Amino acid sequence: GGLFDVFWKRDHRGAQNGKTAGDRKKNGTWLLTTLNRPKDQWQVGKTKVFLKDSQRLVLDELRTEALNDRARTIQRVWHGQHYRKAFLAKRRATILFQSCFRRYAQRQRYERIVACMVSLQAEYRPFVQRRRFLMLRWASGRIQYAWRASRQRAQLKQE
């Protein structure tokens, strides 16, 4: 089966779902029948498959087309993986950028809120201190008034 092996290895890719196991001579006959090659254009010998030139060209075209289909499949898978990897890298970079920007914007908002709180506290503290001062002044005035009044009463009693 040496020459049948050469024929089979070379030309079985042109058939859809080609066989790979079993007798090589039967496989060669099956291949040419499956590819709808006219019976008068080929013949199977004891150790070799004989083809007319036109059939050899047709088989070469079929084999080339099958190999090209496989190459396109490999390229499609590679391109898919390559572009998916590039897309994922861009997406990670975008997410990182968005995260950093959101953190920056939140920090800016926080700092504005803190500045407003400091401003409110700066306005409120003097207000509270002034109220406290006025209350203490009023209370001390009442205490002084009561003390003076009690001293005058005591002086009036002594007289």
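Predicted model: local features only at pLDDT ≥ 70, side-chain atom pairs only at ≥ 80, totals over all residues.
Trainee: What makes Arg72 and Glu65 a salt bridge?

Mentor: Their side chains meet at 3.0 Å, N to O. The cut-off is within 4 Å, for an Arg or Lys side-chain nitrogen and an Asp or Glu carboxyl oxygen, so the pair qualifies.

Trainee: And why do Asp69 and Arg72 count as a salt bridge?

Mentor: Same test: 2.4 Å, N to O, and the limit is 4 Å, so Asp69 and Arg72 pass. Both sit in helix α3, three residues apart, about one turn of the helix.

Trainee: Why is Arg72 called partly exposed?

Mentor: Its relative accessibility is 39%. Buried needs under 20% and exposed needs over 50%, so Arg72 lands in between. Glu65, at 40%, is partly exposed too, and so is Asp69, at 35%.

Trainee: What about Arg107 and Glu111, how far apart are they in helix α3?

Mentor: They're four residues apart, about one helical turn. Their side chains meet at 3.0 Å, N to O, within the 4 Å limit, so that's a salt bridge. Arg107 has a relative accessible area of 47% and Glu111 has 39%; both values fall between 20% and 50%, so both residues are partly exposed.

Methods
Residues numbered from 1 in each chain as written. Heavy atoms only, no water. Buried < 20%, exposed > 50% of the residue type's maximum accessible area, 1.4 Å probe, protein only. Helix = DSSP H or I, 4+ residues; strand = E, 2+ residues; numbered from the N terminus.
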